[in-house]
Amino acid sequence: MQLNIAIFDDNERILQSMRLLLEGFTTYKVTGIFNDATNIIAKLKLSKPDVILMDIDMSGISGIDAVKEIRQFLPECIIIMQTIHDDEQKIFDSLKAGAHGYLTKDTKPTDLIKAIEEAVAGGSPMTPGIARKVISHFQQQPLSDNDFNLSEREKQILQLLGNGRSYKMVASDLNIAYETVHSHAKRIYQKLRVSSLAEALGLAFRKNIIQ
């Protein structure tokens with residue numbers, strides 16, 4: 001099955017290089033390349049993406065604001081942010097908006113492909129430096145006595161995800177359907193009051209819900 005991919009970036013060279021890279025794989029079909037996020041709903045209707053590679057800094061509408069709009073129109077679409085910055089505030093603003101991953105633009109082409117595969121499989125890909133910032137941020141937050149009321153199964157799934165397993169791998173490990181893992185993950189997000197796997201894992205590690 002081919003995945004439709006839309007690319008947003010205000011650098012034409014980057015747009016074309018990513019298009020050429022992705023079109024070298026039969027599993028991907030680039031259905032849209034855009035140098036800004038204005039009228040983004042119309043662009044989404046045109047490209048019908050399963051995955052979006054989103055530049056965080058563009059003229060007009062920022063990548064972060066674009067993600068918020070995308071979440072309203074295509075809630076199941078996978079969004080990976082790309083940027084030259086590793087600014088902590090922008091990282092968290094992106095994740096809170098609903099992005100599934102966050103990569104710097106110096107990410108190697110092979111690592112970009114792996115990141116797309118990881119996100120499609122249910123993961124939350126990040127450049128190593130970005131991941132360290134995320135973990136450090138959550139470690140520095142004050143602890144509270146909140147009871148998130150996670151079930152043992154939800155904790156088990158969260159632990160496996162924290163060990164680096166994808167949704168598909170967790171389904172195989174526990175001998176349950178992928179859709180069941182996805183449903184558990186949604187409930188975990190709701191109980192932890194987070195909007196991304198990165199936030200869920202950071203909070204779970206900080207609260208000692210998982211090790």
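These legends describe close-up views of a predicted model.

**View 1. The largest pocket and the residues at its centre.** The largest pocket has a volume of about 700 Å³. Its lining is made up of 27 residues. Arg71, Pro75, Glu76, His100 and His182 lie nearest the centre.

**View 2. The helices and residue types that line the largest pocket.** The most comes from α9, with five residues. By type, the lining of the largest pocket holds 14 nonpolar, eight polar and five charged residues.

**View 3. The aromatic pair of phenylalanine 25 and tyrosine 28.** The whole structure contains three aromatic pairs, and this is one of them. The ring centres of phenylalanine 25 and tyrosine 28 are 5.9 Å apart. Their planes meet at 55 degrees, so the pair counts as tilted. Phenylalanine 25 has 33% relative accessibility, so it is partly exposed. Tyrosine 28 has 5%, so it is buried.

**View 4. The aromatic pair of tyrosine 167 and tyrosine 178.** This pair is tilted too, with 6.1 Å from centre to centre and 50 degrees between the planes. It links distant parts of the chain, 11 residues apart. Tyrosine 167 sits in helix α8 (residues 167–174), and tyrosine 178 in helix α9. Tyrosine 178, at 29%, counts as partly exposed.

Note on methods: Residues are numbered from 1 along each chain as its sequence is written. This is a predicted model: local features need pLDDT of at least 70, side-chain atom pairs count only at pLDDT 80 or more; totals for chains, interfaces and linings use all residues. Side-chain values use heavy atoms; hydrogens and water are left out. On a 1 Å grid over the protein atoms alone, a cavity is a set of points where a 1.4 Å probe fits but cannot get out, and a pocket is an open set with protein on both sides within 12 Å along at least five of seven lines; lining residues have an atom within 4 Å of a point. Grid points are joined across faces, edges and corners, and a volume is the space filled by probe spheres set on the points. Helices (H or I, at least four residues) and strands (E, at least two) are DSSP runs, numbered from the N terminus. Ala, Val, Leu, Ile, Met, Phe, Trp, Tyr, Cys and Pro count as nonpolar, Asp, Glu, Lys and Arg as charged, and the others, Gly among them, as polar. Rings of Phe, Tyr and Trp (its six-membered ring) pair if their centres lie within 6.5 Å; planes under 30 degrees apart count as stacked, over 60 as edge-to-face and the rest as tilted. Buried means under 20% relative accessible area, exposed over 50%, partly exposed in between (1.4 Å probe, protein chains only).
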